[in-house]
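Have the sequence and the model open side by side.

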Amino acid sequence: VTWSSFFTGRSFDLGLTPDRIWMELQLRDLSDDLKRKVFVGQPHTSITYASMPSLVPLGVQKAWGNFTVVGVVGGVVHRLSTTKARLDFSAGTDFIKRVIPSNVRALMNETWQVILTSGGNTGIFPTRPVKAPTGKVSWHDNQPIDYFLSFEIDELPVGSPGYLAMPADLAVVQFYVTRDLPPTADSPLLIGDVHPVQLLADLIDGKFSLLKSDGSARAMAPRANSPGWSTGDPWKPLIDDTSFGYFRGAIPESARANDWIEKALCQIYQLAYRLNGAGQVELIDLRRSASTSSGGTITDTHLAELAPTWKVSRESAMTGAEVTYYVDEAVSLESVKTLPDPTVPFPPGGVRTTKAGPS
Amino acid sequence: VTVFRPAYRLTMYAPRSVDATEATILSPIAGAAHDDFFRVSTCDFDLQANDAAAGLSVNGDFESVSTLPPLGYLDDVTLGAGAGTTTLSYETATQYAGVRSLKIVTDHQFGGALSPLWPAVPGQVFTISAAMKTAAGVQADAQLMFLDANKSYISGLQPTNSSGSWVVASVTDAAPANTAFVRVSLQCNAVGGGTVYFDAVRVRANYRPYLDLPRGRQGSIDPLSKKLTQGALSMRVMDKRTTVGGSNANRWVTAFLGDANGKQRLIGCKVLLEESLDGG
């Protein structure tokens, strides 16, 4: 007997039939696993095309569209204990790189992350910005704006993801400050140009969800090989298909994976997915072929086995579309110097998103 | 006219039996005793053959890996089932078939290699067959042990060989009353132990007729919204009466969980349903 997977799921209900001979077992597939939250903070370290914006200095640490990387600032470590230190900015660090606009101030009750590089090694040090001392600087009409003077940083427990031993006293380091929390409208997760199927694969692989304690990703479900494909990434044939174009976006909030995938990827790129008998996510390319060729003869070799009882349905035909779209505007950090009101907001990533339609 | 009907088998896993990494879906935790799943089917099948996908291979040909201990087996001393010394290794010079056979050197009677536990129910018919040979003066036993719910030994099916040449032997019989598990024990049956060899160990189990065909499969994709609805399936499992009296109704549940009140504990268990189209 040669077995092949027919259905993978969980038992949902079990009951004895009135004849007391049969037990009725109700099964449901594993699509519940795809309801996991995504965009809950910094993605997995293997994701090179997405990051949360940097809060100090304000800007992006990974290129996003036409936005250039803002870079890091210099600092000096003053040890308070073996695991705690005060991190001063290097002398002469421009105030504009550590200014606190109102959007950033609204996030200061959270715990932030100092991404610090010392001696060629990079690690994460938590900090509480609300405890950080601040000064005041004025560029316009003598209206003072706050800026950070230093941060108090803590060493992570040994073995934690991103652990780095506290640098020596007076060590000269480079750093930037960011968040590892769900994105907000003011601090969105910025996803740079990426193939939509690659993004979908990374979402299913759990790289945008809560990571394991060792920093590795926990996949929501295995992915099924594309038809006729058995080596390397299961969806490589689709990822290599450049006709899909690219996805770029600013994600303002966390979401359930299946909802977000269906709305933001499947609807736009004409994709669909289902769970096959082995519980693997099978991707379906719903785009119609551009080929108008009708030559050749249909033979048995063209037959493909349909998945049993999977059906497609639609409520109604689509005769038109009303599209809501948004414009992402780049805001110059230098504009902070000309703001007449010190409380005027400046989005940390320098991205101002405006709803542009429909009217 | 041959009427073709696909065969099905259903495996239900206790939560702790599933590999947390799920790199291979429904793969049991490495090194775990596989006594926390239950399987029913519409036909007979080997426990060994084609089980690799479910991670339950008994590795009866000892060809799966070249490392020790052999995949699916541990020596009796490590498992606490025997006292003394038992060493498992591979025989690669005079193997029965393939590249490797299992070589056991032990210093006590019944020392040898033990497989994981497999769930079983009374009346279920098993066949065990194995290729065996020995060093002089000892007997090789390939025993399928029947164990009760406390994992205590009841009896066993026991093909044997006492010669220095490879002999294939098999025994078939029904599991006795109170059987809850079976386990393969490849052992040296001689006072003071000795050296024995095994290969081509196969266990065939009669799972019929506990399972009915699947019904009512659901699940859909809306091509407009791309919304996926959750797939569902209904199965019927027959609670086969094997003796007069007793609680027929709860036999299937009790076989898996050890008591009659386990319904709620079954909810949420991962389930794999497999299909065979070769009529085998």
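R9(B) has a relative accessible area of 0%, and because the limit for a buried residue is under 20%, R9(B) counts as buried. This value, like the others here, comes from a predicted model. The side chain of R9(B) forms a salt bridge with that of E274(B), with 2.8 Å from N to O. R9(B) sits in strand β1 (residues 7–13) of chain B and E274(B) in strand β19 (residues 270–276) of chain B, so the pair, 265 residues apart, links distant parts of the chain. E274(B) is buried as well, at 3% relative accessible area.

The next pair involves two chains. D259(A) and K227(B) are joined by a salt bridge whose closest N and O atoms are 2.9 Å apart. D259(A) belongs to helix α4 (residues 257–269) of chain A, while K227(B) is in the loop between β17 (220–221) and β18 (232–238) of chain B, so this pair joins two chains. D259(A) is partly exposed, with a relative accessible area of 31%, and K227(B) is partly exposed too, at 35%.

Now turn to chain A. The side chains of D32(A) and K35(A) meet in a salt bridge of 3.3 Å, N to O. D32(A) has a relative accessible area of 36%, which makes it partly exposed. K35(A), at 39%, is also partly exposed.

Salt bridges can also form a network: K84(A), K131(A), E152(A) and D154(A) are linked in this way. Over all chains, the count comes to 22 salt bridges.

Methods: Residues are numbered from 1 along each chain as its sequence is written. Chains are lettered from A and ligands numbered from 1 in the order in which they are written. This is a predicted model: local features need pLDDT of at least 70, side-chain atom pairs count only at pLDDT 80 or more; totals for chains, interfaces and linings use all residues. Side-chain values use heavy atoms; hydrogens and water are left out. A salt bridge is a side-chain nitrogen of Lys or Arg within 4 Å of a carboxyl oxygen of Asp or Glu. Buried means under 20% relative accessible area, exposed over 50%, partly exposed in between (1.4 Å probe, protein chains only). Helices (H or I, at least four residues) and strands (E, at least two) are DSSP runs, numbered from the N terminus.
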